[in-house]
Amino acid sequence: MKITTELFLGDCKNELKNIPDNSVDLIVTSPPYADQRKSTYGGVHPDKYVEWFLPISGELFRVLKPTGTFVLNIKEKSC
Ligand SMILES: C[S@@+](CC[C@H](N)C(=O)[O-])C[C@H]1O[C@@H](n2cnc3c(N)ncnc32)[C@H](O)[C@@H]1O
């Protein structure tokens, strides 16, 4: 199996579009923790989070091989 490494720097919503269907074996992602890191990288209000992540997850599903693995690291909002 030939392993290739390509780095895409940018908004994942746009960059994922450059990756063909069913071409990725492993996805490991740690998306923004809603708005908990506003001062670091901005963030997404918890009420808008699903609306923000759904199109991204649709693209992740499209590029992942049927035999692929998806690892999601996410932290719920601590009160
Ligand atoms: C929870 S942090 C994960 C950081 C990384 N795993 C680490 O350990 O340093 C979320 C990261 O997502 C990046 N991010 C936020 N919105 C993004 C987007 N639309 N596309 C790509 N990365 C994004 C942020 O800049 C931040 O670095």
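Leucine 26 lies in strand S1, which spans residues 24–29. This is a predicted model. Elsewhere, ring pairs join Tyr49, Trp52 and Phe53 into a cluster.

**Surface patch**

**Aromatic pairs**
- The structure contains three aromatic pairs.
- One of them is formed by tyrosine 49 and tryptophan 52. Their ring centres are 5.4 Å apart, with 50 degrees between the planes, and the pair is tilted.
- Tyrosine 49 and tryptophan 52 sit three residues apart in helix H3 (residues 49–63), so about one helical turn separates them.
- Tyrosine 49 also pairs with phenylalanine 53. The ring centres lie 6.2 Å apart and the planes meet at 25 degrees, so this pair is stacked. The cut-off for stacked is under 30 degrees.
- Tyrosine 49 and phenylalanine 53 are four residues apart in helix H3, and about one helical turn separates them.

**Exposure of the cluster residues**
- Tyrosine 49 has a relative accessible area of 12%, so this residue is buried.
- Phenylalanine 53 is buried too, with a relative accessible area of 15%.
- Tryptophan 52 has 22% relative accessibility and therefore counts as partly exposed. Buried requires under 20%.

Key: Residues are numbered from 1 along each chain as its sequence is written. This is a predicted model: local features need pLDDT of at least 70, side-chain atom pairs count only at pLDDT 80 or more; totals for chains, interfaces and linings use all residues. Side-chain values use heavy atoms; hydrogens and water are left out. Helices (H or I, at least four residues) and strands (E, at least two) are DSSP runs, numbered from the N terminus. Rings of Phe, Tyr and Trp (its six-membered ring) pair if their centres lie within 6.5 Å; planes under 30 degrees apart count as stacked, over 60 as edge-to-face and the rest as tilted. Buried means under 20% relative accessible area, exposed over 50%, partly exposed in between (1.4 Å probe, protein chains only).
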